Every structure is written in C-alpha cells, then in structure tokens.
2 protein chains.
Amino acid sequence: MATHPAKGGASGYVEADPRPANPFLMTPSPETAETLLATLRDRLGEKHVLTAAEDVAPALVESRGLYRGTALAVVRPGSTEEVAATVRACAEAGVPIVAQGGNTGLVGGGVPYGGIVLSLARLDRVRAVNPGDAAITVEAGVILADVQAAADAAGMLFPLSYAAEGSARIGGNLATNAGGTAVLAYGNARDLVLGLEVVLADGRIWNGLKALRKNNAGYDLKHLFIGSEGTLGIITAAVLKLFPKPVSRSVGFVGLASFRSAVELFSRMSRAADRDLTAFEVIPRFGLDIVLKHAPDMIRPLHGGHAAYALVELSSTRPGADTAAELETLLAGAIEDGLVQDATIGASEAQNAALWALRERLPETQKAEGGSIKHDVSVPLSRLADFVEHATEACEAAMPGLRVCAFGHAGDGNIHFNLSQPVGMDKAAFLGEWGRFNRIVHDIVMELDGSIAAEHGIGLIKRDELALYGDPVGLDLMRRLKTALDPRDLMNPGKIVALGDDPPAALPV
Amino acid sequence: MATHPAKGGASGYVEADPRPANPFLMTPSPETAETLLATLRDRLGEKHVLTAAEDVAPALVESRGLYRGTALAVVRPGSTEEVAATVRACAEAGVPIVAQGGNTGLVGGGVPYGGIVLSLARLDRVRAVNPGDAAITVEAGVILADVQAAADAAGMLFPLSYAAEGSARIGGNLATNAGGTAVLAYGNARDLVLGLEVVLADGRIWNGLKALRKNNAGYDLKHLFIGSEGTLGIITAAVLKLFPKPVSRSVGFVGLASFRSAVELFSRMSRAADRDLTAFEVIPRFGLDIVLKHAPDMIRPLHGGHAAYALVELSSTRPGADTAAELETLLAGAIEDGLVQDATIGASEAQNAALWALRERLPETQKAEGGSIKHDVSVPLSRLADFVEHATEACEAAMPGLRVCAFGHAGDGNIHFNLSQPVGMDKAAFLGEWGRFNRIVHDIVMELDGSIAAEHGIGLIKRDELALYGDPVGLDLMRRLKTALDPRDLMNPGKIVALGDDPPAALPV
C-alpha cells in the first residue's frame, strides 16, 4: 500500500507515527482494495466477501436512519480464526474494520465510514452449556434470544433481555454493555460475563474464556473490551453466567399521581422485596396513551388515566414462593397509604406478558408520533424525580407543544428522556433542534451527577457530547487506552473518542 | 536528577525511552532524594514524611514475612490533592511509589524496593452515606470494618467481609479486588464499586466518583484500576454499593464424608435457596482439628469427626423470612438422602458467630503447625472436587507426611490449597520447596481451566507464576496497559507483570 503522511504529536507531520492520516477518509488505492479483497476471498471463500451494493447496503445504515456509511465489503468469517485472519489482512492493508452483530445499536456505533464491515453472524454456535458451572459459552454471533433459549433448555435463566433480543447478537450486547429490563436484579451485560475471547487489532487472539467466579490473575482485561464498542478489539466468544429459573413471577401495573410517586414506590418496594424485585419500569401518561393509540391489540390496563405508571415485577426461585401474594400485599399497602392510585396484577403468564408489552411497544409507537429526540441518561436514584421534573420543565419551555416521554428503567436510575415533536411541526426541522435539546437535557444530567450515556453507549451520536461533558482526565485515559491497543486507529475508528485525525461525528445521512 | 540509561525495545540502549533503567535498584542520588524529601516535607508537613528507621520498618514487610523491602520514606498525605502532589513530586524525581492501605496483603504487592511508600491511612473520611442511592462514598484509607459500620449506622449493609477487616483499608481492598466470605451473594470487591477517584502516574486526578447503576459513557475505567494493585494509579476514594440488611440469618455447620459431598451439597443448596444462600465455606478435618487444638476457646461443633465440613449461611431481607426453618428443611433432606452425615444450626447470633469463628480462625492456627505453602486458586465449580482430589494426591505423593489443608470459599470455586509441613521437618527446608509445589498445584489448576490467583492477587509472590501460566497475548496486553498508563514504570514497579528492567520477584527477606 501507499505510504501515508502521519501526524506525530500535536504540532507537525513526521514519518515515524504508524497511524495513517484520517483512516475514514482514506480511500485505499484500487490496488490495495483489490489485493485485500482477494486475500479475504481466498481465506474466507468467495461467498463470504460481499461487495454487491444490495448485499452491503443493510450494513451501512443504523436502525434510526440517522447515519449512512460506506464500506468496501461486508465479510462474514465463520470462526474465530477467520476473524483473526480478516483483522490481520486489514491491518496489513491499513484498512479500518467495523464489527457488526445484529446491527441493532442506537448510537451509530456500527456505522462504517470506509473500510470493511466484519459480520459476526456466522459465529453462531453455542459452544457449551454447563449448568454445573452455571455457565454457557457462546460465540459472538448467537442471537440474544437463542442464548436465552439455550439456557432455558438446560433448566437455567440467562437474564439479559430487551426489545431487540430477537435480532441483536450477544457479541454486540457485550461490546455495548447492553442494559435492558433485568438489570435491577441481575446487572448489566458486563455483570453477566465470566470470560471472553477477543481478536485484537493486530489479529492475535486473546483467550480469556474462563468460567470462574474469582480470578485475580492480573488486570481484568474482559472489562476493558466490554462496552468498548469494537474500538479496542472484536469479541468473538464469551462465557456467560446462568441463574436458577424463577418458579414464581408476578407483574403489576400501577397508576400514580406523578413520576416522583413512582420513584417513592420503587424505594419502598426495593426495601421490602429486595432481591425479589426484578423489574421496575416507568411509563408516563403520554407513553401509555400512544401505545394504546397506535398498537390496537393493546388493552388499557387500568380504568381512568394517571400521570405516571409503573410496571413492577417480583420473581423468586424459592420453592413455594408466592410472589403474587407478596406483590398484592405491597401494592395494597401503597394504595392504603395514598402513594398508589390504582393497580392491577397479571393473573396469568399471558396477562403478565400483556402488561410487559405495554412497556416494550412504547419505543416503536413513538415513531408514529413523528420525530423524536432521544436521550438515554442516568442519575443517582435520589435525583431521579428532580431530573425528570427539571428537564421536562426546561424542554417544554424551550419549545411549546413539545411532548416529553420520559420512560424506562427507573429502578436503575436510567431514563429514556425522549421528546416527541409538537403535533404538525416539520419532522426534519424538529430533529434539527437535537443539539439544542442535548445541551438542555445533558446540562441538567451533569448538574445531578449523572451520565449522558446510560445503556446505549456513545458510538457516533454522543461522541462529541462525551468530549464536552466527560472528565478531561478520563477522556485522556480513554485515548491512551485506544492508542495502546489500536495504535493505527483501525478498529471502528472515530467511535466513542475521536483521535486527532478522526472526522466529525455528524456526517450526512 | 542524573540521567539514566534506558532500554529501548528488546535489543539495546537508546536515550529516547523515558523509562529509567531498573527503578527498584536505582538509588536516587543523595541530592535527588534530599530534594524530593524536602519537597514532600514542604507540601505535607514534616511529621507526615517519616524517615526514621523505626517509623519506616513496618511498611517494609508484609504479613507473612516473606519479603523485606527498602524505602526512602513513608509519606502520609492527608487528602487526594496531597496524594496527587506526592505522586507529581516522585514523578519529577523519577522515584517509584508503592501505595499502602492496611498492609494486610498476602502476595507481597505492597512491599517497596526503594522509593517512597505512600500511606493512605490519613484519607480516612466517610465522605457521604446515601441510603436513597444505596451508596456510600469513602476515602481509600477507611478501614473496612469502619465502612461496614457506617453502612450499618445508616440501616444498610456493606457486604465485603474477611478476616483482616479490622485493619485492611478499603483502598487496598479495591486495589486487590478482595474476595472474602460474602462473594457468593454479593460478588467480589469489584462488583461493589459504582465509582472511583484515582491519582494517575503523572499526578493528575481522575474523578470517576459517580453513584450510577448504569453508565456507558466510554470505556469502563474503574475496572482497570480495581485489581491492578497500585501499578496503574492510586485509588483515593470510591462510591460503593449498599444493600438492605438481612432480617433473618441462619448458620449451619455440616459434617460430610468427603470434599466431593460438600460440593454436591453446595450444588443442591444453591439450586434450592438461590439468593438466600449467602455463604458456603468448606473446612477439612485437619483444618477443624488444628483450630480446636490451637484456639482453646473454640468448641467442637459436631460429635465425632468427618472428612469434610461445610459452613453454610442463609440470609434474607424479606420481612417474615424464616431462614432457620429453611436451612433445617434443606439439611434434614440432605441427611435423609445420605449426603450429609451430621449438622448443627446456630440457635442465636452468638452461636452463629461461634460457628463462623471456626472458619475464620483457621489461617492463624495453621501457623502453629509450622510452615505452610499456600495456593489461592479457583477452578470452575464442576471441577472443584476433581481439583482437590488430584492436587491432594499429587502433593502427598511428592512429600510423605505433608498435611493438606484445602479450605475456603467452595461456593465461589475458590480454594485455599494450603500445605502444612510434615511434623518435625525444618520449616525453612519445607518453605524451600514452595516452587516445586507451585508447579504441582498450578499445573493441575491450569489443566482444569482454573486460575492460579483467585482472590489474593499476584503481587510479587505469583508474578513469575503468572508469566509462566498466563495467556501470552493477555500478558502482552497487561504490559501494554502498564506502559500506556505508567510509561516510566514508577507505580509499584515489578508487581503483577515485570517489564524489561524489573528485578526478580524473589528477593531476599
């Protein structure tokens, strides 16, 4: 390949720095591209190196249509060794790589700007299920729902769960440290990992596939890769924790006078039910209204309207546990004390599922209300009601007619603070205000010691926000880690933190 | 300070590498040392820069007397800013720093070879207790028992607990990712951390003190410092998770026919009691015998002897929970099925404490039996009985009369595989065999996909073992991380992984 001028330090160009200038915009010469593709075809087989426009197109966009990338090819290695060979070939050619699982991410983290899209879809084997170790070993391309199913077939629970579980792949879940609806009881994706296998930027394979509950043999490398969005290496397999399956589960749907009351209910229930409280989600009146409006198969769970709703779940693995009775007692007490206005409890698994559907269908029905500007944020639990009140007031003041839809994982301090456009406003004009609302919402988040990225990650969409709000020393550490593990900036370059030559985050759709 | 020749790459000396040759053995010139000490006295006050031999001596040795280091001084900064100033001054002088909390570590990780010992003991403030966030913010020098007490005073539980909790300090617990007796239900020290404050090798302060349950704002930096034994930076404060206090607790002491039966009992109890099973410890007959022999205030818990004993604890936060009844049912079933030979259940908190003492006093009473060669290892739960059987057989064959004492956190797959010397053998001669037994035990650990360092860490004592058994790619990653965060190798140099110029791990006592 051609020699590229490269930046050395802050002040000038030197030849010594191995990192090519602007890897995004670096279009490899036709010869380099053809040599790379020939190498990959030779190694992976013709049919796993896709270059036809219609084959590549789905890998260029993310789920909200906010970005459209470009790529030389989508390659589909079939094993860890083939992933390693692909990475090595790209490293030799100086061509960037973006790893993709189910491409369900919400922050543009999987969008390629040039280079190769490496699909993990063919690494789809469950390598081992071991109930004796309460562990399952899966390849990165296994669909999340299939991990759950494999655990279930072995009489165990893999708790990670969220709306996209039918198409999201576990490697992506780990690369983004996915959250979801079971975090309250079981933790984030990171907390479910015992071991990892990772292909590094130079194509070497780190084998950290241990099924151990305790392992202090040096620095904890797995936590570095989990949540790094493919910028430090490519996760190819993982050993995950399994749990006993609950024998009793009850779901309640609760009407409350305010978001603040919902937070108070959470505090009360988490003290009383502790480890049995396995979900606590909040939905505002506007959220339930649009679900019932746009998803006609949904049934209104409570008579009358309430300012806020909570979906609460108790579950237990104790033989003989009666979570329905436990939930009824808790909610009856809360009604008696005037904290809860009304509540219903699912009388069957079908009813439980119907109540959950009211929560799960919310994001999709919000689309039917026009443009939405989204913020996935977290604050300490004690500041959660303050956050929602202040941010709602500030956003409504900034744009009359705006409809705030603050919903989500209240028990984790994580709110999807989404803004639906005023009725009748031009969608593009509304979305053009995203930056202004970022400033309003994220300023409040930071005042309350929160995070501007709770569970969806940084990717492209929040890269510049992180640069603005992140602790400068922390950001410098991140850049040092990136440079130490990927000195040529070829692993999903420009995501999370921008290095000197990375292009702007906001590229045209 | 003088210019030091420095190694560049594997093959020769160049001036460009900023890392001084052999920082351990680098005795700073008297001028450099005096300038540094003057700077530190000026910044911290005379009385917090200790150079008198009797003041420095306690910081030079570790608890087992396996190593004796040297140091210019013990300095006692009183705040994060003073820690930062100390690190900056040392960085300017090119003098290495070892951070110490309670100096209770078991792997020589806190032993200084030259340079400065930075004591965190004066950073002993509980900065905030917030039950609403289920969080507590503490400085690194708070004694673990005081963290527990502060949580308790707020009506909450901080679960990290182990024998040295009365003198160990929380910063050291986090720097070593301490384990202990509550890991089964609450996780390792790492799992209890929400946020960290760290002084970096260049004296800058990273403020990551967030009390958030979800935070995907870039790479997870806290997990990099937790367990890094002070080699990447110095933890100065942390936000830790609190939990509801159990309202019911029951402790059982169980006699079994074999270690294998104990593992089977764990499997059975963890399925049945799940999150209520908060401890499962195993003690061999030899272990109980020596506790009863050397700790005369201890009372034999069961009539007759058994090959193996398990200490089991159920606890629950559910109002009205009756863990005693639950435990009785479980153990009665296990006796009926022939799995358990005999069992007793504590009838009061005093009796529970007495049963726990049988386990907690074991390490100290082992000292009375002469030299012991210790291995803190873990394997997958399904291989635990195989490990203990194979390793016992191999060690007994290697040295007739050797007394195996394999005890500990069986529910975590973590065994302290300790070897007491044959009766009458010379202690020093026995300890001289440590390397031979490392090979025997660690070979079996690795065959069973385990870890040679479960909860005590690597420090000096296992540094060369890690180099021998660790995944070479993983080791290279660790060295890269070390070099990226501490390019001059001044933060606790030579611990965990050795860089090119670091001296041998086995230095004379």
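## Buried area and the model

Buried area is the accessible area, found with a 1.4 Å probe, that two parts lose on being put together, summed over both. The structure described here is a predicted model.

## Domains 2 and 3 of chain A

The domain assignment divides chain A into domain 1 (30–119), domain 2 (126–244), domain 3 (248–364) and domain 4 (370–447). The C-alpha centres of domain 2 and domain 3 of chain A are 29 Å apart. Six residues of domain 2 and eight residues of domain 3 form the contact.

About 610 Å² is buried between these two domains of chain A, and carbon and sulfur atoms give 69% of this area. On the side of domain 2, A:Thr181, A:Leu184 and A:Ala185 supply 69% of the area buried against domain 3, more than any other three residues. Between the two domains there are zero salt bridges and zero residue pairs in polar contact, counting pairs with both residues at pLDDT 80 or more. Helix H6 (residues 183–186) of chain A gives the largest share of the domain 2 side, three residues. That side consists of five nonpolar residues, one polar residue and no charged residues.

## Chain B against chain A

In the interface between the chains, 82 residues of chain B are in contact with 82 residues of chain A. The buried area is about 6500 Å², of which carbon and sulfur atoms give 54%. B:Lys214, B:Tyr219 and B:Arg275 supply 16% of the area that chain B buries against chain A, more than any other three residues.

Ten salt bridges are found across this interface. One salt bridge joins the side chains of A:Asp412 and B:Lys214, at 3.3 Å from N to O.

Methods: Residues are numbered from 1 along each chain as its sequence is written. Chains are lettered from A and ligands numbered from 1 in the order in which they are written. This is a predicted model: local features need pLDDT of at least 70, side-chain atom pairs count only at pLDDT 80 or more; totals for chains, interfaces and linings use all residues. Side-chain values use heavy atoms; hydrogens and water are left out. Domain bounds come from an automatic or database domain assignment. Contact means heavy atoms within 4.5 Å. A salt bridge is a side-chain nitrogen of Lys or Arg within 4 Å of a carboxyl oxygen of Asp or Glu. A polar contact is a pair of N or O atoms within 3.5 Å; within protein, one must be able to donate a hydrogen and the other to accept it, and residues adjacent in sequence count only if both atoms are side-chain atoms. Helices (H or I, at least four residues) and strands (E, at least two) are DSSP runs, numbered from the N terminus. Ala, Val, Leu, Ile, Met, Phe, Trp, Tyr, Cys and Pro count as nonpolar, Asp, Glu, Lys and Arg as charged, and the others, Gly among them, as polar.
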